[in-house]
Amino acid sequence: MVVAKASSPSAPSVNKNGFPCFNNGSTMPLSPNSIINLDKGDPLIYESYWKKMSDECTVVIKGWDLMSYLSDPSNVCWFMLPELRDGIERLHNVVGNAVTKDKHIVVGNGTTQLFQAALYALSSPQDPHPINVVAAAPYYSEYQDEVCVVRSGLYQWDGDAAMYDKNEPYIEVVTSPNNPDGTLRGPVVKSEAKGKLVYDFAYYWPQYTPITHQADHDIMLFTFSKCTGHAGSRIGWAIVKDIEVAKKMTTFVQMSSIGVSKESQTRVAKIIGVICNSYQNFGSMESELFFKYVRRLLRERWEKLRVVIEQNNVFTVAKFPRAYCTFTNESSETYPGFAWLKCQEGIGDCESYLGKLKIIGRGGKRFGGGPEYARLSMLSSDAEFNEFLMRLSNAKRERDLMY
């Protein structure tokens with residue numbers, strides 16, 4: 001197997017105003033008047049890698065294939081294809097980010113559905129009151145919306161886990177690395193009440209953060225969207241310790257969508273196999289290995305973003321400590337999928353300020369934080385990201401004109 005070496009990111013050239021210029025390469029630049037939507041986390045950054053793979057991940061499905069609801073009646077998650085289950089276990093074994101031995105895997109239509117399934121499984125219709133759901137601020141903005149939209153009598157949103165002091169049962173969602181700020185998290189609730197934990201590990205993959213340990217918790221959620229960038233396949237999975245919880249989660253997916261598309265499962269199993277084969281020397285890769293390739297792209301983007309931020313003196317963004325990664329066998333930094341941008345003093349609403357630059361971000365209040373923050377995706381297309389950097393380069397001049 002031949003593996004190309006990662007190239008070091010080159011320093012950007014400087015324009016007449018002293019701000020960095022970035023080369024789009026073959027990517028066509030966007031119009032300066034276009035709106036850049038970095039509110040969403042669409043992982044288009046991965047597209048270049050999968051184009052390099054050409055037909056290696058192609059799946060052919062005949063008209064009479066995969067017609068039954070059933071996939072594996074002997075499994076708790078009866079609609080999960082055996083090859084997907086085996087692929088998920090193999091992937092976690094290769095990466096070393098989660099324990100799957102003696103656990104049950106439940107596949108769902110992304111972690112959005114599995115999050116609801118976990119809340120359903122951990123609550124009880126016999127309880128006189130809905131169980132409280134909390135997460136430490138800044139928390140993923142969709143948790144609150146997903147809890148509230150169903151108006152369930154089983155569970156209800158109760159805000160910041162760090163502020164929870166009720167003597168009532170609760171479910172704490174622990175997101176690590178955290179969305180939006182990229183920090184590594186653990187439980188924070190200090191209440192004496194009986195609590196249950198759901199770990200959201202959507203970003204616990206080596207392109208985003210050093211893999212420091214094999215996570216081993218009762219319920220752990222993972223998503224293919226942020227692992228490989230195939231968000232459109234809508235595949236997520238939960239690794240569950242308790243078989244009764246796994247059964248209830250399976251029942252929820254069954255009731256809400258009667259299982260998960262076998263076409264998507266087949267595609268995901270194929271792609272996982274290609275990744276694992278390359279790391280276990282079964283294939284003949286002429287380009288960089290997957291996690292190494294996308295980690296390099298994220299590192300380059302973060303380095304370029306920090307150059308712009310340090311020069312414009314309008315925003316700040318956190319620095320992350322280095323840690324030893326058991327997957328890469330080297331010390332490295334965290335490169336989150338989102339930038340948690342903070343506006344400097346004098347700009348009270350970061351989301352609105354970015355809007356004046358024709359950049360759509362998601363304001364800090366949505367995450368239980370302050371309006372001086374905004375979350376912006378680092379996973380967008382090259383054209384969007386390069387134009388985003390150009391507009392941030394001009395942010396100081398725009399601020400001086402506005403203020």
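Contact, on this tour, means heavy atoms within 4.5 Å. The model is predicted: local features need pLDDT of at least 70, side-chain atom pairs count only at pLDDT 80 or more, and totals for chains, interfaces and linings use all residues. Residues are numbered from 1 along each chain as its sequence is written, and side-chain values use heavy atoms, with hydrogens and water left out.

**Whole protein.** Color by pLDDT, the predictor's confidence in each residue from 0 to 100. The average is 91, and 90% of the residues score at least 70.

**Residues 1-26.** Select this stretch next. Its pLDDT stays under 50, yet the model has 57 contacts here beyond four places in sequence. Where pLDDT is low, the predicted coordinates should not be read in detail.

**Secondary structure.** Switch to cartoon. Expect eleven helices and 17 strands. These are DSSP runs: helices are H or I, at least four residues, and strands are E, at least two, numbered from the N terminus.

**Main core.** Select L91, W237, M249, F315 and F388. In the largest nonpolar core, of 109 residues, these touch the most other members. Helix α8 (residues 290-312) gives the largest share, ten residues. Such a core joins buried Ala, Val, Leu, Ile, Met, Phe, Trp, Tyr and Cys residues through side-chain atoms within 4.5 Å. Buried means under 20% relative accessible area, exposed over 50%, partly exposed in between (1.4 Å probe, protein chains only).

**F315.** Zoom in. Leaving aside neighbours within four places in sequence, its contacts include I309, L341, C350, Y353 and L392. K342 and Q344 are also among them.

Now select Y164, Y170, V189 and A193. They belong to another core, of seven residues, apart from the largest one.
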